[in-house]
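Q: Could you give me a close look at one part of this model, and then a second stretch to set beside it? I am new to this, so please go step by step.

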Amino acid sequence: MKKLIFLLVFLISFSVAPIFTAAANCPGVVHWDGIELKSGQIGRVIIQKPTTIYKNDNGVFEASRIVKKGESFRVYANKGSYYHLGGGLVINNDSTILYQTPSKEKLRLLNCSKTTPISMEIGDSTSSVTSKLGSAKKKIANEFNASTSIYHNSYNNFYTISYLNNKIASLYTKDKNYQFKGISIASTISQLENNLGKEYETTRNLYPFEIITYDFPQYEANFFIDVHNDNKVTAIYLIDNQLIKRNTNLYPIKSSTLETSYETLLFELTNAERKAKGVSILQYSTHVSNVARGHSIDMGIHNYFEHDNLKGESPFDRLANGGVLFRNAGENIASGYTNPYYAHEALMNSIGHRKNIVSTNYTQLGVGVSFGEWKNGTIPYYTENFIKP
């Protein structure tokens, strides 16, 4: 985590399809009515009347708790007279429940997604990336005086990749199909240590998020840890040392091109996160982005970090003053993160910000980024405004 410091985050609420190593139309996550279909799952039970689920203790079923009408549970085995729900829990097969099985197509997608890992590393050729991911959706500037290509399939299989001399120089992904030295999304810290060793740097939860960083001879490997999901890997970020050396400043030098690129990347990361969580993606709003950008600029110019500006205007006041009509609205702000990857993962590891990012109460998003003056140069301010018109 070279040249990386962290400050604060706050929130307030009111083309041709890519060709993947996996079979065509093989997503990283399969959802069934908005809920992730898990490996080994054969069906679900929906509670029709209050009933009891039991704990299987060496063949003896002991009452665990009463479940209510409308609750739903994954089923991993059908024993005729009862169903296995996982974790040693079982439920009787009677009139108090409704048992359902997923479609054959959903099972096909689940099986293809778990059997077709994608492997790419620093130094792989541009052509090898194209053969796996297809053409980039967008290209944006990055802080290393290079460009970053964004790949996804309707925000499934999400990657951002930078190149030097037609070879991968950085790679970020949330794709559950991706594997790096035996590690993938949802791997545990124990699996990291077993595969890569215990010699690493980490923030150790001193900040709103945790990163575990391994320094290899040619590059560093960063593993973002989800502290709200059993400390499992939630994203992987590889960076070539040659790329790191290109940025000699603690923070990038202010430029409108880079600020716009950071806005685009943070928007894309938000939608990739929502897709991974089974939530509908947000639409970009120019008007909302203008409001968000104005707040980031104002915080940087006047050296403050609050939702209410120095005039006492709240995020809702600013949206209204910007001509934005809304029924629901929320705001996340962050400062001090060297790029949007760190800002986004920090926001996701803060439960309130996380709720805004994956909330079904919003349909549009505007992002504003501005590099404000700082004693050692400039420092980025990030504002996300979520709305439902």
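**A hairpin, then a helix**

A: Let's start with a facing pair: Y83 sits opposite I91, a residue of β10. This is a predicted model, where local features need pLDDT of at least 70, side-chain atom pairs count only at pLDDT 80 or more, and totals for chains, interfaces and linings use all residues. Residues are numbered from 1 along each chain as its sequence is written, and side-chain values use heavy atoms, leaving out hydrogens and water.

Now step back to the two strands (DSSP runs of E, at least two residues, numbered from the N terminus). β9 covers residues 82–86 and β10 covers residues 89–92. They pair (at least two DSSP bridges) in the antiparallel sense, over 4 bridges. Between the strands of this hairpin lie 2 residues. Look at G87 there: G87 takes a positive phi near 65°.

Next, follow the chain to helix α8 (a DSSP run of H or I, at least four residues), which spans residues 340–348. Where α8 starts, find N339: one of the side-chain oxygens of N339 comes to within 3.0 Å of the backbone nitrogen of Y341.

Note on methods: Buried means under 20% relative accessible area, exposed over 50%, partly exposed in between (1.4 Å probe, protein chains only). A polar contact is a pair of N or O atoms within 3.5 Å; within protein, one must be able to donate a hydrogen and the other to accept it, and residues adjacent in sequence count only if both atoms are side-chain atoms.
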